[in-house]
Amino acid sequence: MAKLNFGGVEENVVTREEFPLSKAQQVLKNETVAVIGYGVQGPGQALNQKDNGINVIVGQRKNSKTWDKAIRDGFVPGETLFEIEEALERGTIICYLLSDAAQIALWPTVKKHLTPGKALYFSHGFGITFNEQTGIIPPKDVDVFLVAPKGSGTSLRRMFLQGRGLNSSYAIFQDATGNAFDRVVALGIAVGSGYLFETDFRKEVYSDLTGERGTLMGAIQGIFAAQYEVLRSKGHTPSEAFNETVEELTQSLMPLVAENGMDWMYGNCSTTAQRGALDWWKKFRDATLPVFNDLYESVASGKESQRSIDSNSQADYREKLEVELKELRESELWQAGKTVRSLRPENQKSAVVSEGSSSTKEVFRKQTLKGEKIG
Ligand SMILES: NC(=O)c1ccc[n+]([C@@H]2O[C@H](COP(=O)([O-])OP(=O)(O)OC[C@H]3O[C@@H](n4cnc5c(N)ncnc54)[C@H](OP(=O)(O)O)[C@@H]3O)[C@@H](O)[C@H]2O)c1
C-alpha cells in the first residue's frame, strides 16, 4: 500500500500499479461474486467485473423492469441472473447493492445465506454504522467490507469504458477470514476504481451524507436559489440571473476547477473577479460554517439516517417525493435553466429553427434530458 501526501497529511492509497487487475483476478478466481440489486451501482459494478473476467452473477427480483434491463445487458437467467435468494445462496461474496431502505427489508433473507467464510460487501457505510436503526448486524464469521465509488454507477461504467477509473474509498469492518484486505481491494479494482483510499464505515457514511446534503447538492442548490432570487428581485432577467448563477459556473469555470483547482482559477481570472472573490469567500465560509456544523451533528446523531429510513419506507414515498421534485423542476430558476441549456450550440445542431417559430423552450423541448437515472 502506498502512502501519499495529501496537502501535508499522509494517507494509505492503493493504486492499480501496485494491485493490478491480474492480481485482482488471482484473488477472486475461486469466488462467485453475487451483485444483489441492479439499480444504479449494480449495473456499473457487475458489468465492469464481468468485463474484467470476474465470475459475477446478478440477484434481482423477477417481473420488474430491472430484471429485463439485466437481460438486455447480457446477464442470462439461470446462468448469471437469478432471483435474489438463489444468488445469495450461490455467491461467496455478496455485494449488497439494493437501495438502503430495501437493504433493511431484505436483511433477514441475506443473513440466512451468510455462511462462514463468505463476504458481505457494501458500497455505503449506512447499514452497518446505523445498525441500531437498520438492524443489519452480520454474523461474526464472515468478512464485512465496503468499496464506495465516489460517483454514480453510471459514471463508474462510462469511465471504465473510456479506459479511465472513478476513485473509490474502501473499508474493512470485519476480517473473519484473514483475507479481507485482498478481497476488498481486488473487488475495488475489479469494479473499475481508478485508485482506492482508506476509510472506515462510520467516516464513509458521515462524509457521504454531509457531502450530498452540503456542497454536492443541498448547499449548492441553496446558494443558487439565494443568488438567483436576489438578482431577480433587483430587476435582472431570468436569463441573466441564470447565466450569472449557474451556466457560467458549470460550463466555463467548473471544468477548469476540475482540471486545475480553485486556487488556479483564482490566479487566472480577471483582476476584478479576483479582487471580489478574494474579498467575499471568507464571508460565505463564515456564514455557512454554523450550518455545516449543524448538518454534521445531525448526521452523527443519527437524525439524518432515521429521517431517510422513515421517509423512504413509507408506502406513498414516491408520490410525496414527486411533489417535492415537481416544485424544484417547475421553479423559475430551473425552467430558465432548461431554456438556457437548449440554447447551447451543441444542443441546437439537429433543431430546425424557423423565423417566427414558437418559443425557444418549445422548439428545444425534446432535446434536453435523456431521463437516465444517475443516482
Ligand atoms: N446511486 C449511486 O450511484 C451510488 C453511489 C455510491 C454508493 N451507492 C450505494 O450503493 C448501494 C446501491 O445504491 P443504488 O443507488 O444503486 O440503489 P437503487 O438504484 O436505489 O437500488 C435499486 C435496486 O434495489 C432493488 N429494490 C428496491 N426495493 C426492493 C425491495 N423491496 N425488494 C427487492 N429489491 C428491491 C431494485 O429492484 P427493482 O428495480 O425491482 O425495484 C433495484 O435492483 C446503496 O448502498 C447506495 O448508498 C450508490
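Student: How far apart do the C-alpha centres of domain 1 and domain 2 lie?

Tutor: The C-alpha centres of the two domains lie 31 Å apart. This is a predicted model, in which local features need pLDDT of at least 70 and side-chain atom pairs count only at pLDDT 80 or more, while totals for chains, interfaces and linings use all residues. Residues are numbered from 1 along each chain as its sequence is written.

Student: Which residues belong to each domain?

Tutor: Domain 1 covers 2–199, and domain 2 covers 211–348 + 357–367; such bounds come from an automatic or database domain assignment.

Student: How many residues of domain 1 are in contact with domain 2?

Tutor: There are 6 residues of domain 1 in contact with 7 residues of domain 2. Two residues are in contact if their C-beta atoms, placed from the backbone, lie within 7 Å.

Student: Which helix gives the most to the domain 1 side?

Tutor: Helix α5 (residues 100–112) does, with 3 residues. Helices are DSSP runs (H or I, at least four residues), numbered from the N terminus.

Student: New topic: at what angle do α2 and α8 pack?

Tutor: Helix α2 (residues 41–51) and helix α8 (residues 153–161) pack at about 25 degrees, with axes 7 Å apart. Axes are lines fitted to C-alpha atoms, for helices over the stretch in contact, and angles run from 0 to 180 degrees between N-to-C directions.

Student: What does that make them, parallel or antiparallel?

Tutor: The two helices α2 and α8 are therefore roughly parallel to each other, a term for angles under 35 degrees.

Student: Which α2 residues make the contact?

Tutor: They are Q41, G42, P43, G44, Q45, L47 and N48.

Note on methods:
Parallel < 35°, antiparallel > 145°, perpendicular 65-115°, else oblique.
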